[in-house]
Amino acid sequence: MCCESKRRFLLLYATQKGQAKAIAEEIWQQAGAHGLEADMHCISEMDKYNLETEKDPVVIVISTTGTGDPPDTARKFVKKIQDKTLPPDHFAHLQYGLLGLGDSEYMFFCNGGKTVDRRLQELGAQHFYDTGLADDCVGLELVVDPWIDGLWLALKEALQLQKKKEGMNNAIDPVSSSLSPAPNAVHELKLSSEVKNLKLEDEGARNSDILSQKLDDINLVDQARDTEPSLVHSVPPVSQSALNIPALPPEYIEVEFQDTQGENPHLSSLISEGTTFEVPVTKAVQLTREDAIKTALLLELDIADTAFEYQPGDAFCVICPNNVSEVEELLHILGLSEKGDSFVSVKVKQGTKKKGASRPQHIPERSTLKFILTWCLEIRAIPKKAFLRALVECTSDAGEKRRLQELCSRQGASDYTRFIRDSNVCLLDLLHAFPSCKPSPNLLIEHLPKLQARSYSVSSSNLYQPGRLCFLFNVVEFPAGPSRPVSRKGVCTGWLAELVAPLLHPSKNSLDTKGESSSAEKISIFPRPNNTFHLPANPSVPFIMVGPGTGISPFIGFLQHRQKLREQHTDWKFGETWLFFGCRHQDRDYLFKQLRCFLENGTLTHLKVCFSRESSTAEVAPPKYVQDILRICAKEVARVLLKEGGYFYVCGDKKHMADDVSDAVVDILSMEMKADKLEAMKFLAMLREAKKYLQDVWS
């Protein structure tokens, strides 16, 4: 029950990976200092709130997942409010403010939040506070922090207005007095994720944890000679500022070491997404030469004895562990090397001030500490400011403590972005940089997010290879840098590469290489179907595929599937197929040279290939990138899209390819339609809406 001495508002969050929940918890935590009480629930818990009868203001924090979808926890809610039989005044009584989270690297930025916002407006709900759209590409905090700062005045005005509507404006009590807004107060907050439009105002003595310190108050190590800031060093004005730092998050987890032994839980118990399958890796082939810039591996899984089903274009997830040596190093730094294999009991700390505290679902109640660090926590995650704030309390050196305070403060926001966020710093990097920081295991469980399974596009067809599933990936490399003392491989791709090393055959450029083993290693997977990135339902419809590098992966499945359909249905009419592929060097990373086979047997009508790093002595330089070949084939591309109602598929890197391809298509449409660019962009938007321009991209 909410405390009667404080005014209530409903706080809902919809999260996929925990970001929205963490922000909602920050709002809940700050509410008390403003004389308010947040009644917080996950938006999926529809039995605990009722928007149809809600009289108090509602605050919604919602993320976006996939290609612009609301998070899984919001699916039932979104389906409910999208009921077409609801009248336009269904939510006319509702006042709300919404904070959407997204990433502008993706086409449908903050679309989860926008979808809910738009529908609530259509059903008559009113904003009491402007919608905020936070961009993970530049840093969520650039919008989140000022949005939360402005929320309190807006809430108090909304509650005051509500009280007047209830005819209680003459009843003066200590609470209503404290909620009276300042005369002519304006709470409209126009938020933009663009830093240049953002003004962070120092609000002075807010009721949050404000740290006022002068340099002479602490015993700082002499850093006067350092004129450039770094992860561990600051310079004026940050180094000489009084700091506004976040409130210390309440601890809520208790970890107890036990003398008893036992078995760690099965990996399937850690996954909430559905059924998991443990399957053997039966084949591994390296598709790139040793001197290629990136190492691409093709793996084949045996799913014959499982109920795993997929279509070409689908994705699936691999449950992977953290790097063993990194886990050992973390235990060593924390002084827990000898306790890594000891069983621990994880439970909620008695008397915690955290609302609705519970043991995270991804943390077993009982397991070894090493199991938790290996399979449950994302130890490579970029630490949030709340984590940095908690680490301050675990740091004994005064200079290190001050720098951690700066990095989580308002004044140190640009340093946080530069030296932590943009540098992809993780907990291990921080502990190396700040050696007097010794966090306890409970703090890691509280602040490190769940170790997410990694998603991969299927690169095969169940018609072409029954009982087999193939997928393709580059082994990700993170070079050492100023904030990262050592180079690292990707969590999952590095693990998979090490796992299949015995299977790799010397002859690496052929899919037919027999890199097989009778005693194959097994991995755990679960399906992640794609609702739209599939072959056209009508086989006579033409389609274009654009997939440079490993972006070709789903299209191998498309072509295998189409080849089998052509063999099985000789009387069917099949539309033409185009594939635009690009890589750096023809002899080093042309991943699937047997694409020629699809061309020769008629499955693939047109194959266009480019090599970005090949030197040429030709008078006219050959095209380097897939968008260049698209422009060369402008008339054919326009014919497929404008006259023949074809489909256009793009797979691969979002930042350096997909946007350039989109721009090329707009230029092609503009030229062939003899229309201005705006008209071409509208037509492309129509193709997206009709699910005829489809992307499977990553950043």
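Strand S11 (residues 296–302) and S16 form an antiparallel pair held over seven bridges. This comes from a predicted model. Within the pair, Leu297 stands opposite Phe473 of S16.

Both strands belong to an open sheet of six strands, ordered S15-S12-S19-S10-S11-S16, with antiparallel pairing. At its edges are strand S15 (454–457) and strand S16 (468–474), and each pairs on one side only. From one strand to the next, the twist averages 40 degrees.

Helix H13 (residues 491–499) lies across S11, S12, S15, S16 and S19. H13 runs at about 70 degrees to S15.

Now the other sheet. It is open, has three strands in the order S9-S13-S14, and pairs in the antiparallel sense. Strands S9 (253–257) and S14 (366–368) each have a single partner strand, so one side of each is left without a neighbour in the sheet. Neighbouring strands here are turned by 35 degrees against each other on average, direction ignored. S9 and S13 (residues 343–348) are joined over five bridges. Ile253 has Val348 in S13 as its bridge partner. Helix H7 (residues 369–376) lies across S9, S13 and S14.

| Helix | Residues | Angle to a strand |
|---|---|---|
| H7 | 369–376 | about 90 degrees to S14 |
| H13 | 491–499 | about 70 degrees to S15 |

At the start of H9, a side-chain oxygen of Asp397 comes to within 3.0 Å of the backbone nitrogen of Gly399.

Note on methods. Residues numbered from 1 in each chain as written. Predicted model: local features only at pLDDT ≥ 70, side-chain atom pairs only at ≥ 80, totals over all residues. Heavy atoms only, no water. Polar contact = N/O pair within 3.5 Å; in protein donor to acceptor, adjacent residues only side chain to side chain. Helix = DSSP H or I, 4+ residues; strand = E, 2+ residues; numbered from the N terminus. Pairing = 2+ DSSP bridges. Axes fitted to C-alpha atoms, helices over the stretch in contact; angles between N-to-C directions. Contact = heavy atoms within 4.5 Å.
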